[in-house]
Amino acid sequence: MHILIFPAGFILWYLAYEAKPIINDEVTLHLKEKNTSKRNKLLNIINESF
């Protein structure tokens with residue numbers, strides 16, 4: 001029975017992932033810039049500690 005359930009689950013997951021809406025607006029852009037600045041700050045702290 002598991003032989004049929006796992007492939008069906010992966011197929012449904014793939015279909016749901018492909019149907020996910022892509023939102024391109026200013027809020028998304030602002031969040032990406034905010035996350036990259038946070039990531040850069042953390043990388044700087046890590047590099048300074050080594």
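A definition before the walk-through: the expected span of a helix is 1.5 Å times one less than its number of residues. Keep in mind as well that what you see is a predicted model.

With that in hand, take α1. Helix α1 has 17 residues, and from its first C-alpha to its last it reaches 24 Å, close to the 24 Å expected at 1.5 Å a residue.

Now the chain as a whole. Its secondary structure comes to two helices and zero strands. The radius of gyration is 19 Å, whereas the globule rule gives 10 Å for 50 residues, so the chain is more spread out than a compact globule. Along the principal axes, the C-alpha trace spans about 55 × 35 × 10 Å.

How much of the chain is buried? Of its 50 residues, 0% count as buried. On charge, the chain has 6 positive and 5 negative side chains. The centres of those two sets lie 6 Å apart.

Next, the aromatics. The structure holds one aromatic pair. W13 and Y17 form this pair, and their rings are stacked, at 5.7 Å centre to centre with 25° between the planes. The angle counts as stacked because the cut-off for that class is under 30 degrees.

Where do the two residues sit relative to each other? W13 and Y17 are four residues apart in helix α1, residues 2–18, and therefore separated by about one helical turn. In general, an α-helix has 3.6 residues a turn, so residues three or four places apart point the same way.

Are the two partners buried or exposed? W13 counts as exposed, at 55% relative accessibility, while Y17, at 45%, counts as partly exposed. The cut-off between those two classes is 50% relative accessible area.

Last, helix α2, which covers residues 26–49 and contains K41. K41 is exposed, with a relative accessible area of 57%. T36 is also found in helix α2, and at 34% relative accessibility T36 counts as partly exposed.

How far are these two from residues earlier in the chain? K41 and F6 are 35 residues apart in sequence and 41 Å apart in space, C-alpha to C-alpha. T36 and G9 are 27 residues apart along the chain, and their C-alpha atoms are separated by 34 Å.

To sum up: two helices, zero strands, one aromatic pair, and 0% of the residues counted as buried. That is all from me.

Definitions and conventions: Residues are numbered from 1 along each chain as its sequence is written. This is a predicted model: local features need pLDDT of at least 70, side-chain atom pairs count only at pLDDT 80 or more; totals for chains, interfaces and linings use all residues. Side-chain values use heavy atoms; hydrogens and water are left out. The radius of gyration is taken over C-alpha atoms; the globule rule is 2.2 Å times the number of residues to the power 0.38. Buried means under 20% relative accessible area, exposed over 50%, partly exposed in between (1.4 Å probe, protein chains only). Lys and Arg count as positive and Asp and Glu as negative; His and the chain ends are not counted. The place of a charge is taken as NZ of Lys, CZ of Arg, CG of Asp or CD of Glu. Rings of Phe, Tyr and Trp (its six-membered ring) pair if their centres lie within 6.5 Å; planes under 30 degrees apart count as stacked, over 60 as edge-to-face and the rest as tilted.
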